[in-house]
Amino acid sequence: MSAAVAGSWLAVLATLALVLLYEAVLVLLQRRRPGQVACSAHARLREDWFLAVSAAKGSEVLAVQTLRNSLMSATMLASTAALALMGTVTLAAPSLHAIVDHAADVASLTLVTPRLLLELVLLSLLFASLVSTLMAVRFYNHAGFVGGMPVDSEARVRWTPLGVRYVRKAGLLYGFGLRQLVLVAPVVAAMLHPFAGPVAALVVAWVLYAFDRVAAESQGIGDA
């Protein structure tokens, strides 16, 4: 293995390690200090919102309109992920076909290049984004039926706990899908030039961390 190839591998692996490290740190923060992480605080916000509109008569139209806006946002994100996924499949198809055609040949291992690894990671990120946002659409859709029920009806009272859980799940899935779409940036940068990947990963992680934190005065919200 030449020095140039070894350097490319190190740069690519460093890029992927930084992306995984950011995800691990975020999961750790969610478990230990949920009130300091935006996704946890926003999940509590959506729960409180649904309970509030479920207690106010005449808020059915407002609830449906708000959920419809959230559903449309998730739909647009899913469409973006789907289009990007199709483009990436087209991009990675030649390399994958070469691997499959020489699957019985030991020398085919040399066909696994840093670029192919990045293409597979890119496919994984986009697929995760697509699936999570589609599930968010599903949960928002069902929550809309609950939110549209008359507030003082027996059915609304019976289904409100389910609606609360669904808006929470939908929001968490939407946030996860959006984050995976943003994490595509360092992978694409590494595809353009391997040594641009770690720099892009650090920049993206710094930007995401700033958005994934809530203000100090709101840190206790998600801990309840």
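Axes are lines fitted to C-alpha atoms, for helices over the stretch in contact, and angles run from 0 to 180 degrees between N-to-C directions. Helices (H or I, at least four residues) are DSSP runs, numbered from the N terminus. This is a predicted model, where local features need pLDDT of at least 70 and side-chain atom pairs count only at pLDDT 80 or more, while totals for chains, interfaces and linings use all residues. Residues are numbered from 1 along each chain as its sequence is written, and side-chain values use heavy atoms, with hydrogens and water left out.

**Exercise 1. Describe how α5 packs with α6.**

Step 1. Two packed helices are described by the angle between their axes and the distance between the axes.

Step 2. Take the values. Helix α6 covers residues 184-192, and its axis lies 4 Å from that of α5, at an angle of about 20°.

Step 3. Name the arrangement. Angles under 35 degrees count as roughly parallel, over 145 as roughly antiparallel, 65 to 115 as roughly perpendicular and the rest as oblique. So α5 is roughly parallel to α6.

Step 4. Find the contact (heavy atoms within 4.5 Å). From α5 come Q180, L181 and V182; from α6 come V184, A185 and P186.

Step 5. Sort by class. Ala, Val, Leu, Ile, Met, Phe, Trp, Tyr, Cys and Pro count as nonpolar, Asp, Glu, Lys and Arg as charged, and the others, Gly among them, as polar. The contact of α5 with α6 has five nonpolar residues, one polar and no charged.

**Exercise 2. Describe the crossing of α2 and α5.**

Step 1. Helix α2 spans residues 38-55 and helix α5 spans residues 154-182. Their axes come within 9 Å and cross at roughly 155°. Therefore α2 is roughly antiparallel to α5.

Step 2. A crossing is left-handed if the near helix is turned anticlockwise from the far one by less than a right angle, and right-handed if clockwise. The crossing of α2 and α5 is right-handed.

Step 3. List contact residues. Among them are C39, A43, R44 and F50 of α2, and R156, T160, V164 and L172 of α5. By class, this contact of α2 with α5 holds eight nonpolar, four polar and five charged residues.

**Exercise 3. Which residues line the largest cavity?**

Step 1. On a 1 Å grid over the protein atoms alone, a cavity is a set of points where a 1.4 Å probe fits but cannot get out, and a pocket is an open set with protein on both sides within 12 Å along at least five of seven lines; lining residues have an atom within 4 Å of a point.

Step 2. The lining is L18, V19, Y22, L183, P186, A201, V204 and A205. α1 (3-32) and α7 (196-211) are the elements that give two or more residues to it.

Step 3. The lining of the largest cavity has eight nonpolar, no polar and no charged residues.

**Exercise 4. Which helix gives the largest share of the lining of the largest pocket?**

Step 1. The lining of the largest pocket has 26 residues; H42, R46, G171, Y174 and G175 lie nearest its centre.

Step 2. At least two residues come from each of α2, α3 (60-101), α5 and α7. The largest share, 11 residues, belongs to α5.
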